[in-house]
Amino acid sequence: MPGIKSLVSIPDFSLSPRIDQTGAEERASRFTRRSIKKESKINGLKLVLNMIDLTTLEGKDTEGKVRQLCYKAMHLHDSLPGIPTVAAVCVYPSMVKVAKKALVGSGILVASVATGFPSGQASREVKIRDTKFAVSEGADEVDMVISRGKFHAGEYNYVFDEIAAIREACGNARLKVILETGELGTFDKIRRASDIAMYAGADFIKTSTGKIQPAATLPVTLVMLEAIRDYYYRIGRMVGMKPAGGISKSKLALHYLVMVKEVLGEAWLNNEWFRFGASSLANDVLMQLMKEMTGVYQAANYFSVD
Amino acid sequence: MPATRKKQSKGNTLRLKFDTSWSYAPAPESRTAASFRARYELFINGEWQQPLSKKYFDTINPATEERLSEIAEAGAADVDRAVRAARTAYDKVWRRMPAKERAKYIYRIARMIQERAREFAIIESLDGGKPIRESRDFDVPTAANHFFYYAGWADKLEYAFPNRGTEPLGVAGQIIPWNFPLLMAAWKIAPALATGNTVVLKPAETTPLTALKLAELLQEADLPPGVVNIVTGAGATGAAIVNHPDIDKIAFTGSTEVGKIIQRAIAGTKKKATLELGGKAANIIFEDAPLDQAVEGVINGIYFNQGHVCCAGSRLYVQESVAKEVIRKLRDRIETLIVGDPLDKNTDIGAINSRQQLETIEKYLSIGKKEGAEMYQSSCPLPGRGYWCRPTIFTNVAQSNRIAQEEIFGPVLAVLTFRTDDEVIEKANNSPYGLSAGVWTDKGSKIFNMTRRMRAGVVWANTFNKFDPSSPFGGYKESGYGREGGLHGLLPYLNLVG
Amino acid sequence: MEKTEIKKSALRIGEDGLEKKSASRRLEVLKTYKIFIGGQFPRTESGRYYVPVNNRGKKLANVCLSSRKDFRDAVAAARAAFPGWSGRAAFNRGQILYRMAEMLEGRKAQFIEELMQQDASRKKAEREVNLSVDRLIYYAGWCDKYQQLFSAVNPVASSHFNFSVPEPTGVVSIIAPQQDSLLGLVSVIAAAITGGNTCVVLASETKPLCSITFAEVLGTSDLPAGVVNMLTGKLTELSPWFVDHMDVNATVFCEADPETQQRMRERSALNLKRICFYDRIDWYSNAGQSPYFIMDLQEIKTTWHPIEEIAGSGSGY
């Protein structure tokens, strides 16, 4: 009805525009042609570091492992001055309390996966409880997974309602919605899933769980960034972006920064609105920073594994 | 640190800020990888010969206005020497050489261009002003590929035209423009040589360097003397070629105006001609198009090579229901285009090729404003010296505006709206030109209907500015005649017999 | 016509086709002639060998006597390589074939010596190698051109865009011409892979040396692993397997032997594989090269798509 506007509008999903894959890939490859050198490179690398969600999500994670990861998060490479910390540490709900304690006073956030990560094949009730547990343990952010099966079956309202319910269960914690783009298949579907997530209340949209291939790629992230932009112009609300998995080299991370800069601009170029879901990326960035500062190519042995 | 959620008011005051605190440092390509001479003579009969005219002219770098080289100016007597050399080479060497050996020379040229790719790219950007990213990633590789492709045809002509044998024409006079100097040289020389002809080629007077470096390469490839001759000069040199009685074929790429002069000049002679002239291509976005990719295609269509492209998508027809969104996306996109030093690897839009061309463009900018169109330019900084133009969009353009009809040959896009398919087809075809067109829609059946009814030699559906040595290129109407590339590109250089 | 320059090697071949021995001789390292599968040089899984002999009775080498299992492995390698090879841009295939010519040209001396060991005169050997290089260049040039000659846009009587294009048939098993060591082999391989197919090749039984050395050329030409696989061995033993494997799409046979041809025809019916008999081809002449050899190993696909009838158009393209 005309004149009535709600904070969260539910659009007609058939209006999620088509994406031409060839065109999107060409545009994405153009970002890789930008040449980032000297101070621009150093500043970019520091920005990348500060945007990392340092992640451990393995069946064999223990409290000891998580504590060591948190220490690394706070002390990436103490012999190198002027290095920022990462943005957050990302763990399973059972490890949130340990991480929170280890990171006290550091300013680094604790993100927790939830909702039956990574498959998302669990009941609604279980997913909500999983989320509430993580939040009560102290998680600042929740990374949920959407129900890909329901999505492929065309039950978009189900997917939407689920995200809205988890958003509510998060309370003050920020919600990242993982689309698992590697399972969605086409760019059209990725766009549609992005729109559903944003309209349902996501604070971030995220590409992948990192458990399957393909994970994040430049073209997929481009599609999602453009979805964020269209949503922002239409509704006036910012949503963050997190590509996860498959980004282990600094050069690639810098390509992502170029893409964010040229698609969304200044407001998104910080860790409040952009994150990298990565584990080994941090050390590669440190190696590159060392190289820029000393002029000499580095070896992995000189940087702690965790 | 607790995260806060930002919420901003909805409305058309939303703006994205692309000039960010993190910026790209200058990333200049080093000039040392390329070398060229302070003075170039004419390349005739496999040697560097001083011009009988005793005249020279300068070629400059349009980004800095510095002089790069002194170039010989060929007078009528010089052109005559070149044509004689080409004729002798044709009669005595080239037409007698077995086709497969001819092919091997052309393959050699392709491979050697690939080996020297970086040097050619740098010189192309220095001499003409185009960004190094484009000369490196597009111009030079495509030129090499063109030679490689046509080399393969040399010994296969018996298959090309059903029930017809083939004969070369003899000596081809070729005049090429300044927008893709090396690539245009490849487009002309490769098919001519593959079909057994010899060549007298004149590069544009503002961009002779890569053709002259190519001449050096031809010497090293041991190409028999006289098979390719390069005579530098301006309009008078071109006229001398066109009017020379011993030339069998003229191949010209350039402005429609000069194309018409050439056609008149060869009337009554036996000379064959192909002309590849100007354009005012319509790029059409339907409401069901993949909008972000369509916008990217439009941007590439008009700002690639500073808009110095005959097939540039200089008229955008956008369906009215999505016009506002498309224009917003276009304006956002041009904010991230970097205008600057052609040798900087991050430059998207280089220098305008010459002062003269910049004046032409500025003339049209003021015409557009006078005609009542709204002009929008990006806010990027411009370097000091040199010839520069920011990417420009005109909205509120009418079909009858001069900026919608006349070729500007610069980074200037005219945006018009339409409502129905019939309307836009009529308007797209409503032009004396017919070189290229673009169609953006998600609906396959609409694509084929549109492409069938466009009166243009190249139609791009859901893409733009795509070139391939195997894909024929050329215009309808006043955009010229004849095709370059592919099987069809052989025909202009052959007589069909039997 | 260009004069070819042969680099003189330290190895000298006498009148009898045998190596000339000199007094203070450095002991030569003899090449092991293994087979070529999936870009690697394994030995035959059967462990068997045979010893081809030249006309003067000189033993040439211990050459792998390939087995049915080797053939099976080679087909698997060829099948795995097919999507990548056929999916490459035609232009890229052309560049790779050209590179094969470059590599072969660079190794001319080695091939001439091998041919002379296998009973060719020096003059004939030079001619065979030169023609082989030129043949590769010939087909390199076809890679991105035969499509333009053999495709069509069909003027159907309904409002449809209708086009036909050739596509590679898939994995081709090739029994190379048995009388030559090199030129026939190169000719049949080039035609198959120009069209985007991958292949398994049985070399000449009596003159197998050049086939394996040619496999070395392939290995250094940027040709992806598995596109060409080379086996040596007995024709009568292997030919049935070449023609009845269910995952082979076509077979090429180059001997004028009516009985074998008939048996091949019958066995190929198992999966209706296409059979090409090239038994009367003079590979040394221009009849030994043509785009029709490419087309023999292509399928034709026709596609329809509607054309929206705006304002009453009524036909296809």
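Tutor: Two residues are in contact if their C-beta atoms, placed from the backbone, lie within 7 Å. Two pairs of chains are in contact, and chains A and B share the most contacts. Let us take the side of chain A that touches chain B.

First, some ground rules. The model is predicted, so local features need pLDDT of at least 70 and side-chain atom pairs count only at pLDDT 80 or more, while totals for chains, interfaces and linings use all residues. Residues are numbered from 1 along each chain as its sequence is written, and chains are lettered from A and ligands numbered from 1 in the order in which they are written.

Now the interface. Chain A gives 38 residues to the contact, and chain B gives 32 residues. Four helices of chain A each supply at least two residues of this side: α1 (21-31), α2 (38-50), α10 and α11. Helices (H or I, at least four residues) and strands (E, at least two) are DSSP runs, numbered from the N terminus. The largest share comes from α2(A), with six residues. By class, the side of chain A holds 12 nonpolar, nine polar and 17 charged residues. Here Ala, Val, Leu, Ile, Met, Phe, Trp, Tyr, Cys and Pro count as nonpolar, Asp, Glu, Lys and Arg as charged, and the others, Gly among them, as polar. Chain C is another matter. Chains A and C do not touch, and their nearest C-alpha atoms are 15 Å apart.

Look next at two of those helices, α10(A) and α11(A). In chain A, α10 covers residues 218-235 and α11 covers residues 250-263; their axes come within 10 Å and cross at roughly 25 degrees. That makes α10(A) roughly parallel to α11(A). (Axes are lines fitted to C-alpha atoms, for helices over the stretch in contact, and angles run from 0 to 180 degrees between N-to-C directions.

Go back along chain A to the loop between β6 (204-206) and α10, where A:Pro214 lies. A cis peptide bond joins A:Gln213 and A:Pro214, with omega about -5 degrees. Most peptide bonds are trans. Chain A has another cis bond, from A:Phe117 to A:Pro118, with omega near -5 degrees. A:Pro118 sits in the loop between β3 (109-113) and α5 (124-136) of chain A.

One last stop in chain A is A:Arg174, in strand β5 (residues 174-178). A:Arg174 is buried, because 22 other C-beta atoms lie within 10 Å. (Buried takes 20 or more such atoms within 10 Å, exposed 12 or fewer, and partly exposed lies in between; C-beta atoms are placed from the backbone.) A:Arg174 and A:Ala202 are 28 residues apart in sequence, yet their C-alpha atoms are 8.1 Å apart in space.

Conventions. Angles under 35 degrees count as roughly parallel, over 145 as roughly antiparallel, 65 to 115 as roughly perpendicular and the rest as oblique.
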